[in-house]
Amino acid sequence: MAKNITIKNAVNDLVVIRRAIEKAGNQDTGVPPNAFAVDAGLLFQGICLLITAALIVFELVSSGSMTSIMMMSANNTEFGLLGLMQVAMVMVTLLMCLYFIVWRASRHSGQSFQDYIIRNFQYLRNLSLISDLLTKLIPLSLVVLAGHPEWVAPLLSLYIADYLVQGRFFSMSARVSLVLGMLALGAAIGQYLLHSANLLWPLLLFAGATVVSLLYLVRERLAQSAAYQEA
């Protein structure tokens, strides 16, 4: 009887150790271990990259029309409100898209939606991403309504730095995420000191971070495919 209890305790200890190793590994890579979660990340981040790339091209071709329209809100509150409504609509659409993709991935993996989020998308747990975005949108709105649209671009770069340092949304190693976060923070400070209101810089920062994240996801997907074929 005592022998059976000892074996049972040893097995439990091994399970605990295994979970700790898996958790540490996930924290180091920043990439979800589940293949469906990787596919979901590839799909959503790919969509975000395409939208960002389109905005970058539009801003370059139109000689900074988005920045110009944003700066007009300093003297015209209606422009500011219209811009904020458009941003809010895009955010809601992207969030709905993200949650739908993750829900589909959870169905394919055979796990409950909540368990799947806890295991693979911690930043979505308890609607924390929605709360975080609202917390960031409110000061951004106040800045625009207060007649200081020139602070929008530095704030956006600061938000990107915050997401990178926290390890949210982007899928990459903690070291790379921290380095990119510091670079984004430096860019935000530089934009503020130089009074640069150009929206092109935060768009480029987000696009660059997303490309790095997608490279990590692609590498993980290829590794999973190779492991599956070997098995």
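Quick housekeeping. This is a predicted model, so local features need pLDDT of at least 70 and side-chain atom pairs count only at pLDDT 80 or more, while totals for chains, interfaces and linings use all residues. Residues are numbered from 1 along each chain as its sequence is written, and side-chain values use heavy atoms, with hydrogens and water left out.

Back to the cysteines. The closest cysteine sulfur to that of C48 sits in C97, 7.7 Å away, which is too far for a bond. C48 is buried at 6% relative accessible area, and C97 is partly exposed at 25%. Buried means under 20% here, exposed over 50%, and partly exposed in between, with a 1.4 Å probe and protein chains only.

Next, L214, in helix α9, residues 200-230; helices are DSSP runs of H or I, at least four residues, numbered from the N terminus. L214 counts as buried because its relative accessibility is 13%. Who does L214 touch, leaving aside neighbours within four places in sequence? G41, L42, Q45, G46 and L49, with contact meaning heavy atoms within 4.5 Å. L49 is 165 residues from L214 along the chain, yet their C-alpha atoms are 9.3 Å apart.

Last stop, W151, in the loop between α6 (128-145) and α7 (152-166). W151 is partly exposed, at 37% relative accessibility.

That's what I've got, thanks.

Methods: Helix = DSSP H or I, 4+ residues; strand = E, 2+ residues; numbered from the N terminus. Disulfide = S-S within 2.5 Å.
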